[in-house]
Structures are given as C-alpha cells and as structure tokens.
Amino acid sequence: MSSYWQKRQEQLDKALEKEETALKKRLLKAYENEAAKLDREIAAYYQKYGKNNVIEYAGLFEKLSDEDIKLLIERMDDFSSKYPEYSHLMPVRSSVYKLNRLEGLKESVLLHQYEIGAITNAQLSEHLDKLYFTNSKAAAKAVGLDENESVIRNFVNTAWSGNKNYSERIWQNADKLAQYLNNDISQGFARGDSYERLTQQVRGRFMNVAKNDAYRLIYTEGTYVMNEAQAKVFEQDFEEYEYLTAGDGMVCSVCRALSGKRFKFSQRQHGSNFPPMHPWCRCHFNPVVEDWDKWIDDYEKRHGNAGNTLHDIFKTDKIKKTNISQQAFEGLKTPNIEGLTKDQNEVLLKGMESLLRRVDGTPGNTECAYFYDMRAKFLKWEMGTPEKGTANNYKPLYDYITMHNHPSGGTFSPNDIDTFICTDKMQVLIAIGNNGAQYIIQKSSNFNGQQLAVDYVQYLGELLKQNVDVEKAMNLANDFLKGAEAKYGYRYFEILP
C-alpha cells in the first residue's frame, strides 16, 4: 500500500499542477482585463478634473457630479445583477449621493476588486470541487471502496487553519487591495503625479498583489483539499498516518521537522501536524500500519468483497474475475445519438459489445473506455486499472464520443458528470453496465455546463446533509439528470436490461 499510494500520489500531484496552471492563466486574463478598466477610469478622471496632466487635489473634495453618481449606481446594479449572492457588499444607495469626487473613485476601485473577488471565488470553487472528487475517488479505490460512496459521503466545504475559509479570504484580499490602491491613488493625486506615473504604480500594485493573493490561495487550498479528501476516506480503516514532505525538494524547516513522524488520524490538525502547515505548503501524508498482511486480512473480514482493489495490489491470486453474462450482451440496444446516422449508431452498438467482451474475465473492478469521433470512427481504447486510474485520460482536440463500462451496472458517477462537464470536446458520454444497462448523455448546442456543475454539486451536498444512503442517493442523482435536460441543454436517456 505504501509504495502503491506514493506512486498514485505522484500522479495526483502532476494532475493538480496541470489544473492549477490552467486556472492561473484564466485568472490572470481576468485580472488584466480589470486592470485595463481601472486604467481607463483613472484616465477619465484626469481628463475631467485634471489640467496639464495633473489633478488639482483640492478639487477632488467637491461633490460627485450627478452624471458620475448615475454611472456608479449603474455599475453597482450591474454587479448585483451578475452576482446576486454578493449584492449585500454594495453600499446603501443613499450614501452614494453624498460622495465627493475622490470618494466616488474609491468606491469604483472597490467595485473592480469585488468583480475580481467574484470571478476568483467561482473559478476556485469549481477547481476545488473537482480536486476533492478526484482525490476522494483515488483514496477510495486504494482501499477497495465504491467511488460513489466516497464522493457523496465526504463532500464538504473546504476550510483550513480554523478561522477563515477560502471564500472569506478572497473578500478580505479584495478589501485589502482596494485600500492599498486607494492610498496609492490619493497620495499620487496629492503629490501631483502625472497620469502615466500614477497608473504605472497602480497597475503594478494591482497585478502583483492580486496574482500573489490568488496564487497563494490556489496552492494552499489545493493542498488542503487534496489531503483532506484522502484523509476522510483513509481514517475509516487506518489509525495512523506518516507525514511526508513535498517531493520537489523545496521544504521549509517546519515541515522538515515533521517528516517521517506518525500521528493519529483522529488527532490531525491542519497547521499543527497535518498539511498544509502554512501558506504555499505542498506536503502529503501516507497511511501506515505495523503489519500490512494482518491489516489486509482484517479489512477483508470487515468489508467482505469490498476489497477487490486490495486483492489487485497485494493478492493477485485471489482476484475476483469479471463475468459478463450472455443476457447482458443480448440486452444491448442501438443508441440514438443525435446527429449520427443509423449505420453510425450501429457502429456504437458493436463497440459496446466489443468493450464488454474485452473486460470479460478481467479483474472485477476493471473499467475500459472506447473513443470515437462524431462520425462514429473508432479512435482508440484504454483499459483502467487501480494502478493507472480510470480510463478517461484520452482527450482529442476535436469533438468526440466516450463509452466505458460500469462494473456495478449503475448510472453515471459524480466523477463521470464532472468529466463530461469539464471536457469541452466530449459531446457524448455512454456508460455500459456489466449487466447490460446503458446510460447516455449528449450535449446540445445550448449546453450550460457551468450552471449544471454548480447545481449538481449543490444537490449532492443536500443529499449528504440528509444522510441519504449511497444507493438511494445515486438513484436520486439519476432522477435529477433525467429531469433537467431542457434547463441545462443536454439529452439524457437510459436503456435498462
């Protein structure tokens, strides 16, 4: 388990780095756009209230013009319309009519930071949700648990260090940066700085501080979510973990002192004996026991056949084999993928048969995926094993179809839906149960994946709060998907044996 999990952790680390790089690029583009808007706003102040490229400081304490008041209120209303959940951040409207010119600019600067805060919050939330699903599922597979049980029962809101969650810190950072920028602007006006000099200073502060704050949150919260998602699974069957420092060699003295030390899962505390120990921390942990053979035997006694993955890793002589019945093959029906001809849909039916024959006789938890373009031309296949993860790693640069088997015979897992939403080019996802059940979801031209992701995750979270058992939760999640096709822009249908 130790060596297996360390290798799996390396794969998870690489995947996280790739996701973080993409997220930082998206945020940087948003920040640059907002910085350009602020530049233009300061330029307008110089044009309206300046003379010879310098603003008369005393004139900034005159009452804000009716036109500027109207524009500021329109911007506030626009923000509240785009982000109703943050409308409470807007000042009382009557107070806007009392602002002077300098105060009006300060409120506008704050609005720019709130826009950045809202964008960062949405992007980071989506990133962390996906990260939690991925790591919870990976840990569950390592101990032979069903991935759906792991995801649903361990869905939590992220928070670390015991005081502020990441959303609160985003707004704190927004307020802090707005204060810095307003001080820079006020002091620049008082000094008689030119537009060029002032905007250079403001833009530098804006970009450097905003990027650093956001990147620190991405990095640190990623470490928190990755480790906590895994720990929530491992703590059910392990008592202790070993603290592991980051593999990149950049280890601080605090984490180095903890390296190799063992602690109880029940006593773990982020920032004390469990990562992240500090901002920018990227350390890990490893579940440990004194006698692995005894632990595996005890585990199998407690969980019965739930430990198939453990068999794969440790006891290959006891592997339970996949058995696809003739009834399952006979029950397969031709899918009705929109945009494909009858012959092309027949090709996909033959692909389903071929896929099930490929997994027949393999270890019991084996998953296999076939990939096709949108004319049903076969592209490639991949076999998933506990060591290699799931069979959803192939992502062509053009629209495509993915089909894969579900050993349980059940509907789409939360991870399936997450992959379907987040992979733009994946137009059709097909799950074929080893019992012959077929589940198919296809994007329409008006597919709203972002809203589906938010609502679907929220729905699963509500099920968790209600302590719904796993089987019922997955059935309810299936009903959610079947009843929301028009709202989110997709087709969903199932063919049961």
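These are my entries, from the whole protein down to single residues.

**Ground rules.** I am working with a predicted model, where local features need pLDDT of at least 70, side-chain atom pairs count only at pLDDT 80 or more, and totals for chains, interfaces and linings use all residues. Residues are numbered from 1 along each chain as its sequence is written, and side-chain values use heavy atoms, with hydrogens and water left out.

**Whole protein.** I found 16 helices and 11 strands; these are DSSP runs numbered from the N terminus, with helices being H or I of at least four residues and strands E of at least two. Of the 497 residues, 52% are buried, meaning under 20% relative accessible area, while exposed is over 50% and partly exposed is in between (1.4 Å probe, protein chains only). I also looked at contacts, which are heavy atoms within 4.5 Å. Taking those between residues at least 6 apart in sequence, 72% join residues at least 24 apart.

**Helix 4 and helix 13.** Two packed helices are described by the angle between their axes and the distance between the axes. Helix 4 covers residues 101-142 and helix 13 covers residues 414-422; their axes come within 10 Å and cross at roughly 140°. (Axes are lines fitted to C-alpha atoms, for helices over the stretch in contact, and angles run from 0 to 180 degrees between N-to-C directions.) That makes helix 4 oblique to helix 13: under 35 degrees would be roughly parallel, over 145 roughly antiparallel, 65 to 115 roughly perpendicular, and the rest is oblique. From helix 4, Glu126, Lys130, Phe133 and Lys137 meet Pro414, Asn415, Asp418 and Cys422 of helix 13. I sorted the residues of this contact into 3 nonpolar, 1 polar and 4 charged. (Nonpolar is Ala, Val, Leu, Ile, Met, Phe, Trp, Tyr, Cys and Pro; charged is Asp, Glu, Lys and Arg; the others, Gly among them, are polar.)

**Helix 13 and helix 14.** Here the axes come within 10 Å and cross at roughly 165°, so helix 13 is roughly antiparallel to helix 14. Pro414, Ile417 and Ile421 of helix 13 touch Gly449, Leu452, Ala453, Tyr456 and Leu460 of helix 14. This contact sorts into 7 nonpolar, 1 polar and no charged residues.

**Two single residues.** Leaving aside neighbours within four places in sequence, Ser108 contacts Glu41, Leu72 and Arg75. Gln450 sits in helix 14 and counts as exposed, at 56% relative accessibility. Gln450 and Glu126 are 324 residues apart in sequence, yet 8.8 Å apart in space, C-alpha to C-alpha.
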